[in-house]
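Good morning, and thank you for joining. I would like to take a few minutes to go through one protein chain, from its overall fold down to a few individual residues.

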Amino acid sequence: MRKPAILVFAGSIRSGAFSQQTADAYAAQLAGMECEVTRITLADYPLPIMDEDLEEEKGIPESALKLARLFDHHDALVVVTPEYNGSLPPLLKNAIDWVSRVSSDGDKPLAPYRDKLALVASSSNGIMGGYSALTHLRHILVRLGMQVLSEQMALGKAGSAFNDMGRLSGEREAGMLEKACRSLVEKATLLGRA
Ligand SMILES: Cc1cc2nc3c(=O)[nH]c(=O)nc-3n(C[C@H](O)[C@H](O)[C@H](O)COP(=O)(O)O)c2cc1C
C-alpha cells in the first residue's frame, strides 16, 4: 500500500516568514513519519488577483491549474497562515480562491479540496499566534469540503519559537506539532485503505 502524500505550504512569501519556518517544522516532522511530503512555496505559483472578468477572458491561470493538480494528487494539505488584520493574508486567500475554480484538467476531473484532509496552523509574533486567521482558514477549508483535523496550532511569539536547527524550541509546541502530524498520517493512511 502506498504511503499517504502530504503537501505543505505557507501563506507568506516574505523572506524569513514565520509561517514558512512553521511550515518547514511541519515538513521536517512529517518527513520522519510514514508518508511522502511535498513542501512548496506560493512564490512559485504567482497569480493575479481573482477577477471573474479575467477568468472569463483568459481562463484559469497556469499557476492555479498547477496548484489544483498538486492538491488533487495529495491526500492531505498542511496550511500555515500568517494573520493580517484578524484574517488570512490576500496571497493565501487568492490562491485558495483560484484553485477552487478548477474542476478539471482537460478531460480529467480534478477535486482539489473535496474530502481531502487538512491540518491548519498559524504563526505570529503576537501572543495569540494568529488564532483569528486560523479560525477563518479552518472555516474556508471546511466550506470547500475538506476534513480539517481538530489538532491545530496558533504559534505565538514566533520570532523566538525556533532553535538554530529550525525546530520548535518550546516543549509544548513541539509536542502539539508532533501529535498533529501523527494524527494526520494515521487518518490519511486509514482513508487510503477505505
Ligand atoms: C497588513 C498587515 C496586517 C497585520 N495584522 C496582524 C494581525 O491582525 N495579527 C497579528 O498577530 N499580526 C498581524 N500582522 C503582523 C504579521 O503577523 C507579521 O507581519 C508576520 O510576520 C507575517 O507573517 P509571516 O512572518 O509569515 O510573513 C499584520 C501585518 C500586516 C502586513
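I shall begin with the chain as a whole and then turn to particular positions.

Please keep in mind that this is a predicted model. The protein chain contains six helices and seven strands. In sequence order, these elements follow the pattern β-α-β-α-α-β-α-β-β-β-α-β-α. The radius of gyration is 16 Å, close to the 16 Å that the globule rule gives for 194 residues, so the chain is as compact as a globular protein of that length. Along the principal axes, the C-alpha atoms fill a box of roughly 50 × 40 × 25 Å.

A few totals complete the overview. Of the 194 residues, 46% count as buried. Among contacts with a separation of 6 or more, 75% are accounted for by residues 24 or more positions apart.

Let me now turn to helix α4. As a general point, an α-helix has 3.6 residues a turn, so residues three or four places apart point the same way.

Within helix α4, I would draw attention to N94. Is N94 buried or exposed? Its relative accessibility is 10%, and the cut-off for buried is under 20%, so N94 counts as buried. The side chain of N94 reaches the backbone oxygen of P48 at 2.9 Å. Setting aside residues up to four places away in sequence, N94 touches L47, P48, I49 and M50.

That list leads us to I49, which is found in the loop between β2 (36–39) and α2. I49 has a relative accessible area of 61%, and is therefore exposed. By contrast, I49 and E171 are 122 residues apart along the chain, and their C-alpha atoms are separated by 40 Å.

The next residue is D75, in the loop between α3 (62–73) and β3 (76–81). A polar atom of the D75 side chain lies 2.7 Å from the backbone nitrogen of A5. Apart from neighbours within four places in sequence, D75 is in contact with R2, K3, P4, A5, K116 and L117.

Finally, I turn to the backbone at two loop positions. N85 is in the loop between β3 and α4. Its phi is near 50°, a positive value in a residue other than glycine. At 85% relative accessibility, N85 counts as exposed. D115, in the loop between β5 (108–109) and β6 (117–123), likewise is not a glycine and has a positive phi of about 65°.

That concludes the presentation, and I would be glad to take questions.

Methods
Residues numbered from 1 in each chain as written. Predicted model: local features only at pLDDT ≥ 70, side-chain atom pairs only at ≥ 80, totals over all residues. Heavy atoms only, no water. Helix = DSSP H or I, 4+ residues; strand = E, 2+ residues; numbered from the N terminus. Rg over C-alpha atoms; globule rule 2.2 N^0.38 Å. Buried < 20%, exposed > 50% of the residue type's maximum accessible area, 1.4 Å probe, protein only. Contact = heavy atoms within 4.5 Å. Polar contact = N/O pair within 3.5 Å; in protein donor to acceptor, adjacent residues only side chain to side chain.
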